[in-house]
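Please keep the structure open beside them.

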Amino acid sequence: MRSVDVVIVGASLSAAAAAKRLVDAGLETIVLERKELPRHKICSGILSPRGHRFLLENFGPLPRETLHEPTSCRGVTFHFPSMVAMPMDFFGGSTPHLHRKFSDYWAIKSSGAEVHDRTSFAGLEDHGDHVLVHARQQGEPVEYRARQVIGADGPSSLVIRSIYPDYPQSIPWFFVGQKFHDIIDCPLDPDYFHFWFHPGLGHYTWSHARDGRQIVGVGFKRGDNFAKKHENVVNYLAEKHGVRLHPHTEDEGCAENFGPSLINRYVFGKGNVLITGQAAGFLNMIGEGMSCALHSGAISGEAVVEARARNRPVQEMYRRMIASEVRRTSDQWNPLKIAFDRPHEADFPAALMALPWRDRARVLRDLWRFVVLYKEFKWGRQMFQAAMQRPILGGYSMQRWL
Ligand SMILES: Cc1cc2nc3c(=O)[nH]c(=O)nc-3n(C[C@H](O)[C@H](O)[C@H](O)COP(=O)(O)OP(=O)(O)OC[C@H]3O[C@@H](n4cnc5c(N)ncnc54)[C@H](O)[C@@H]3O)c2cc1C
């Protein structure tokens, strides 16, 4: 059995950031990844400026193979049923359009950690002074012994389920699916990620250019028909935006733990097991998760290093250090912050004020109608309650974290 300082589960961006901190501090670190690397990851790949800075500062300039075409993104355009469009450029200019298969591989290799791919985490036993990790490597059982384990295994985290079997039932779940189309004619600006606040299209609707094709994506709840939702969006884009696409050639989808940051149900682990990245609940508004995966991952690695240096319980260090990232993510949903501050990385208030006043009123009305759509969910009502509390409590309260 291999004995190391830390085992990280998952070889994505949060894992790369955690591994970088641990390896830099001289801790022997193994990353387990269930897939063969480099592996595919469903993602639009639109990196926020903060995520971009993190990659540059920690791993250096991105190699060309880590980017899709167009290689960068200027920002986000919001579309409304009243046909008002609001393009918003990222603060500080365009950011890279990541090809996750290769950017994640580059980051994890650059971290300096030892990576065991085709190795699936299966369970763990926390014995207080060490954790026993059970995994399967190409089907064969394999065990590791580590002082700490970091679960960086994404939204459907098995590490979480191994310590909190009931957690998945306590948070909102959502499904997303996207289809890839060859383009006949597409007037949507390829330099932007496009998002529709349209109750008639669904809870989450987006489109953007990638490698000469157009992606059309929809979010939906369990039991909804993905094909029908998608067809509805394609017809809408044709009718309202003049987008003409060939039938799709590929499609993909997955379940998302969309909402822990919205209703403040983060999970950070217990004992010697830390949870980070999207597994912990970090996902920014409109589904941007890379920047908070990178930052929370780095904090989980730092917490392990600090706990050892100060001889303190690792959970105490992690919870203290992660508070800044919780505040940042939760502030994105705080209506007062949105109205009077800049919690996002593109300037919504400025884009709104640049519109004629009639359009401003239309946007606010359309936004309200869109948000009301979420009231049908139990957690949608929790979201409303949280939104009412946020201005008073400052966006988060510690006691709801696990
Ligand atoms: C359709 C879609 C579009 C998105 N677009 C954007 C975007 O444009 N910009 C953005 O910032 N974010 C986007 N996101 C969100 C973003 O992809 C995630 O938030 C981010 O990748 C989370 O990173 P992570 O490191 O926490 O985990 P993940 O990227 O989910 O990685 C988890 C890793 O763990 C591995 N793993 C899982 N289980 C096991 C196991 N049992 N054993 C071993 N390994 C395991 C997985 O194979 C994977 O490699 C999008 C998400 C979706 C679904």
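How many salt bridges does the structure hold?

1. The count is 19 salt bridges, and the model they come from is predicted. Side chains of opposite charge can pair when their charged atoms come close. Three of these pairs are taken up below.

2. Arg2 and Glu28 form a salt bridge, with 2.9 Å between the closest N and O atoms. Arg2 belongs to strand 1 (residues 2-9), while Glu28 sits in the loop between helix 1 (13-24) and strand 2 (29-32), so the pair ties together parts 26 residues apart in sequence. Glu28 has 36% relative accessibility and counts as partly exposed. Arg2, at 29%, is also partly exposed.

3. The pair in point 2 has a further partner: salt bridges that share partners join Arg2, Glu28 and Glu114 into one network.

4. Arg50 and Glu325 meet through their side chains in a salt bridge of 2.7 Å, N to O. Arg50 is in helix 2 (residues 49-59) and Glu325 in helix 8 (residues 314-331), so this bridge ties together parts that are 275 residues apart in sequence. Are these two residues buried or exposed? Glu325 is buried, because its relative accessibility is 3% and buried means under 20%. Arg50 is buried as well, at 9%.

5. Glu306 and Arg310 form a salt bridge whose closest N and O atoms are 2.6 Å apart. Both residues lie in helix 7 (residues 290-310), four residues apart, which is about one turn of the helix. Glu306 is partly exposed, with a relative accessible area of 25%.

Definitions and conventions: Residues are numbered from 1 along each chain as its sequence is written. This is a predicted model: local features need pLDDT of at least 70, side-chain atom pairs count only at pLDDT 80 or more; totals for chains, interfaces and linings use all residues. Side-chain values use heavy atoms; hydrogens and water are left out. A salt bridge is a side-chain nitrogen of Lys or Arg within 4 Å of a carboxyl oxygen of Asp or Glu. Helices (H or I, at least four residues) and strands (E, at least two) are DSSP runs, numbered from the N terminus. Buried means under 20% relative accessible area, exposed over 50%, partly exposed in between (1.4 Å probe, protein chains only).
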